[in-house]
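Visitor: I would like to learn how to read this model, one feature at a time. Where do we begin?

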Amino acid sequence: MNNPGTHSLFFYIKETLKQAWPVLISAWAGIAFGVLDTTMVGHASAADLQAMALSVSIYLTVFIGLMGVVHALIPIIGQYFGARQPARVGHAWGQGVWLSFGLAGVGSIALFSPNLWLMFSGTIEPEVRNGVTWYLRMLIIALPASLLFRTIYCLGTAVSRPKIVMTINLVSVGFKALFNWIFIFGKFGMPALGAVGAGLSSAIVAWMTLVIGLWVITHDPFFKPFQLRLGRPDWAELKSLLRLGLPMGGSYLVEVCAFTFMALLVAREGMFVTGGHQIMANLAALCYMLPMAIGIASASLTAQAIGAQAPHRALLTGRAGLAVVVMGASLTVVLILVFRDLIVSAYTDDTKVAAVALTLLTILPLFLFCDAMQCIMTYLLRAYKVAVVPLIMQVVALTVFGLVGGWLLGFGPWKGALQPLLDILMPGAPVGAGSLWFMAALGLGLSAILLKFWYGRIVRQYQNQFRH
């Protein structure tokens, strides 16, 4: 790229899109694992399905938090790559591997005692409890490989080679379907393991994926200049990773836990409301993948510009990311508004669940737009290695204002206070679920505003360094 400072905003929009779409496909491939488990285990037994649902919620809470810590590699490697320091890229990746080993140990301890998690779920049948225990034991085997593969994901993303991970993830979906079929239903002389079989297939595929990823980065000539190596633990580099990674992991956890507690609270309003809420939550998670992919792509390109000490390019890549997110969020909102009846009918045949979902869906456009904006701002700040203040802002906006505010107005002492407003915005919505989703949307909006303010401040500080 010659004289990158002369390129227009439109050029960087194209660059962002070029890097974002493989990240998006990779994210959708990850979701396919959950879809395969749910649909295939659902044909085994109700107990297996419940065991898998509980196990996955526990595992994701642990894994996503740890994954967020590893993702500190993206801005760190991106800056080294932009600064044309290939040896530092290889060294940082090796330290990320050491970090993943340590985090896998922490995560394994958290997953080894499922009873500590299940005490929040009330009475659980012994058969289900046993299924959860063994499913999580399988995922303990998968955890080190999954976290180590995230270092390959971070490397590929940070140096603008996301198609490598996308291809590996797409291949892994096929193997996941095959091994699920073998182990869940007991094919080729194997015992039918149900939910535990889904966990076992996840473990096998996780290690296969890691082996393929390691082979690719050690044989692709593009990665040769980085001198990828494990080396000895470098405590200074590890501390740098943790300084950025811990608040990043905390940020991921804040968002995941907010959804988890929303589901627990909504369960008080019965199974029809829970079903409608679940459709909303699933749609929101699917739609989130788009701004997340754009955010990761924008953060990588911005980090490269920062490493190259190209402040104007860093500014333009950030603006390009914002522009693409606004366009993507707008398109998503239009599609949901136009096809909302079709979308809900694809999720459920139950008229009562569908009725609840349709009332809640009226707030989804606002929720998605606010979520997209706060997502891109978070990733752009990470490109500048800024994560602590954003975490504090997200805790205040999403947890205190959004979640606690939603509880107070939907289930707590101020229950019903929002009803006149909900009757206008979400007519017919359950008071609890409606209040939670409305306050969650406002919390995301507040988070987006606060993060945008802080991003502007950080960018101005960085730009001023080159004016004096």
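Guide: Begin with contacts, meaning heavy atoms within 4.5 Å. Leaving out residues up to four places away in sequence, Val 386 touches Leu 244, Leu 381, Trp 454 and Ile 458. Two notes on the source. This is a predicted model, where local features need pLDDT of at least 70 and side-chain atom pairs count only at pLDDT 80 or more, while totals for chains, interfaces and linings use all residues. Residues are numbered from 1 along each chain as its sequence is written, and side-chain values use heavy atoms, with hydrogens and water left out.

Visitor: Is Val 386 buried or exposed?

Guide: Buried means under 20% relative accessible area, exposed means over 50%, and partly exposed is in between (1.4 Å probe, protein chains only). Val 386 has 15%, so it is buried. It lies in the loop between α13 (364–383) and α14 (388–410). Helices here are DSSP runs (H or I, at least four residues), numbered from the N terminus.

Visitor: How many residues are in the largest nonpolar core?

Guide: A nonpolar core is a set of buried Ala, Val, Leu, Ile, Met, Phe, Trp, Tyr and Cys residues joined through side-chain atoms within 4.5 Å. The largest has 116 residues, and those with the most contacts inside it include Ile 77, Leu 147 and Tyr 384. Helix α6 (residues 126–158) gives the most to this core, with 17 residues. A second, separate core has 42 residues, among them Ala 357 and Phe 438.

Visitor: Why is helix α3 described as largely enclosed?

Guide: Count its buried residues. In α3 (residues 73–82), 9 of the 10 are buried, so the rest of the structure largely encloses this helix. Among them are Pro 75, Gln 79 and Tyr 80. Arg 84 follows α3 and has a positive phi, near 55°.

Visitor: How many disulfides does the structure hold?

Guide: A disulfide is a pair of cysteine sulfur atoms within 2.5 Å. The structure holds 0. For Cys 154, the closest cysteine sulfur is in Cys 375, at 15 Å, too far for a bond. For Cys 375, the closest is in Cys 287, at 12 Å, again too far. Cys 154 is buried at 0% relative accessible area, and Cys 375 is buried at 1%.

Visitor: Which residue forms a salt bridge with Lys 18?

Guide: Side chains of opposite charge can pair when their charged atoms come close. A salt bridge is a side-chain nitrogen of Lys or Arg within 4 Å of a carboxyl oxygen of Asp or Glu. The structure holds 1. Lys 18 pairs with Glu 15, the closest N and O atoms being 3.1 Å apart. The two are 3 residues apart in helix α1 (residues 9–41), so about one helical turn separates them. Glu 15 counts as buried, at 17% relative accessibility.
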